[in-house]
Every structure is written in structure tokens, then in C-alpha cells.
Amino acid sequence: MDKKTVSRDGTSLAYRRTGQGPVAVLVSGAMSTGATMAPLAAALSDRCDVVVYDRRGRGGSGDTAPYAVEREVEDLAALIDAVGGEAALYGVSSGGALALRAAASGLPVRRVAVYEPSYAVHEGGEQERAEYTDNLTRALSEGRRGDAVELFLLLTGLAPRMIANARQSPMWPGMETIAPTLAHDDAVMGNGLIPRDLLASITVPVLSVSGSASPAWLREAARLVAEAAPRGTYRTLEGQTHAVEPEVLAPVLAEFFMS
């Protein structure tokens with residue numbers, strides 16, 4: 001990240017800007033930084049003025065305590081102001097939930113696109129998320145960052161055997177480093193259910209996208225988001241999973257942002 005701006009509470013935010021066209025800010029999800037969005041930014045940069053940033057507590061950005069979801073909305077306000085005063089937003093997974101919150105808060109957002117915002121839609125989902133919150137809070141308060149990462153991976157549906165293998169991989173220390181921000185994403189998701197009232201208050205166009213090869217609950221969550229937003233549209237990308245390929249997603253986002 002080669003640029004900096006400052007949020008309302010004094011937190012330094014690192015970001016990078018590339019390309020030309022309508023301004024679009026990309027919002028990363030859990031266990032990721034702005035660098036995670038770099039391939040998508042590159043695929044969009046010939047049609048959009050793309051901004052990627054490190055959410056607070058990640059990469060080159062600060063992390064002023066205490067955390068509140070409202071501070072992350074203020075972070076987006078500061079970024080939008082720094083890049084011209086108006087922007088479209090794209091968010092993936094819990095980053096999508098943050099983008100939707102920002103749009104509902106009245107920020108100068110033209111359009112919002114999300115990919116598989118990870119709301120629970122199955123029976124018992126709210127209880128499952130409440131238990132996750134309790135266990136995550138306990139693990140982080142006790143300094144058990146590895147256990148916090150494992151809790152998150154279990155929530156996503158990763159098999160215990162795969163998690164055990166991941167613990168032995170070279171990427172695990174980096175995952176433990178960013179683990180405290182799992183609490184941020186958990187707060188952004190609220191009770192984990194579709195925030196219908198919030199979505200109903202969004203006045204700008206909303207594009208909600210899923211992959212046809214993703215789990216059914218993620219596809220359903222994306223569809224319900226579009227249904228709840230007054231100007232919502234739902235798209236499915238054939239053959240894509242939660243780890244959507246930038247080259248497939250970018251043309252869909254560019255068409256939406258440029259219309």
C-alpha cells in the first residue's frame with residue numbers, strides 16, 4: 001500500500017489506487033488484507049479507478065481501540081473522501097456485509113456489489129453464530145490465536161482434518177497474526193442473519209453475486225440479500241466457488257459500476 005489517509009478517530013488507513021474510470025473501493029473479508037484484493041483490482045483497472053485498502057488491524061493500517069463497526073464505516077467514509085467524495089463499493093463475504101452497512105449509513109456510495117455475504121440462512125443459524133461469538137471471544141481474550149483461526153475455519157465448513165493440515169503449513173503463522181480481526185468481522189455480521197431492515201433502507205442499486213459451485217447456503221444468502229434490497233439484483237457465476245476467479249468476476253462488476 002503506497003497511500004495513507006486518516007479515519008475520524010485518528011486511525012491510519014493504508015490504501016492503493018490504480019486504473020481509470022468510475023471509482024470503486026474493494027472491501028476484503030475475514031482473514032484477508034487489501035493485498036488479497038489485488039488480483040481483482042488488476043482485472044478491473046482497465047475499466048475502473050480501483051481502490052484497495054487494509055481494513056483496520058490489518059497490513060499497513062492502524063487499529064485504534066475500542067473497536068466498533070461504526071469505526072469501520074467511518075474508515076470507508078475517509079477513504080471515499082480521499083479518492084474524490086463518491087464511490088461504488090464491492091465487498092466479499094463479511095466485507096460484503098460491511099459494504100452494505102456503509103451504504104445503509106448514508107455514505108456517498110453510488111452502487112454496491114457483494115459476493116456471497118456470509119449470512120446464516122439455515123435452521124439454528126443464529127444459535128450457531130452466538131456460540132461462535134462466545135468461543136471466539138474467549139479464545140482471543142486468552143491469547144489462543146490458533147484456536148480462534150480454527151473456530152473460524154470450522155464455521156466456514158472446512159473439515160477438521162484439513163484444519164489440522166493447515167496448522168502445519170507455512171501460512172499458519174500469518175493467519176494467527178491477523179486472528180484478532182476475526183472479532184471485527186464477527187461484529188460486522190451482527191447476529192449472523194440477513195439484516196432485512198438494513199437492506200430495505202439502501203436506496204442505491206445492489207448487485208449480489210454467488211458462484212454456482214458454492215455451498216447452497218451461500219448462494220441462498222446472496223439471493224436473499226438481493227431480494228431484500230429495494231433495487232437489488234442477483235447474479236450467479238457458473239462454475240465459481242467462494243474463491244471466485246477475478247477474471248470471471250471483473251467483467252460483471254465493471255458492467256454494474258459503469259452503468
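The largest pocket holds about 970 Å³ of space. A pocket is here an open set of points on a 1 Å grid over the protein atoms alone, where a 1.4 Å probe fits and protein lies on both sides within 12 Å along at least five of seven lines; lining residues have an atom within 4 Å of a point. Grid points are joined across faces, edges and corners, and the volume is the space filled by probe spheres set on the points. The lining comprises 33 residues, of which Ala30, Val92, Ser93, His242 and Ala243 are the closest to the centre of the pocket. The model is predicted: local features need pLDDT of at least 70 and side-chain atom pairs count only at pLDDT 80 or more, whereas totals for chains, interfaces and linings use all residues. Residues are numbered from 1 along each chain as its sequence is written, and side-chain values use heavy atoms, with hydrogens and water left out.

By class, 21 nonpolar, nine polar and three charged residues line the largest pocket; Ala, Val, Leu, Ile, Met, Phe, Trp, Tyr, Cys and Pro count as nonpolar, Asp, Glu, Lys and Arg as charged, and the others, Gly among them, as polar. At least two lining residues come from each of several elements, including β5, α4 (125–141) and α11 (246–258). Helices (H or I, at least four residues) and strands (E, at least two) are DSSP runs, numbered from the N terminus.

Eight strands form an open sheet of mixed pairing, in the order β1-β2-β4-β3-β5-β6-β7-β8. Two strands pair if DSSP finds at least two bridges between them. The edges are β1 (3–6) and β8 (232–237), each of which pairs on one side only. Antiparallel pairing joins β2 (residues 12–19) to β4 (residues 49–53) over five bridges, with Tyr15 opposite Tyr53 in β4.

All six residues of β5 (residues 87–92) are buried, so the strand is largely enclosed by the rest of the structure; buried means under 20% relative accessible area (1.4 Å probe, protein chains only). Ala87, Leu89 and Gly91 cover one side of this arrangement as buried residues, and Ala88, Tyr90 and Val92 are buried on the other.

Definitions and conventions: Buried means under 20% relative accessible area, exposed over 50%, partly exposed in between (1.4 Å probe, protein chains only).
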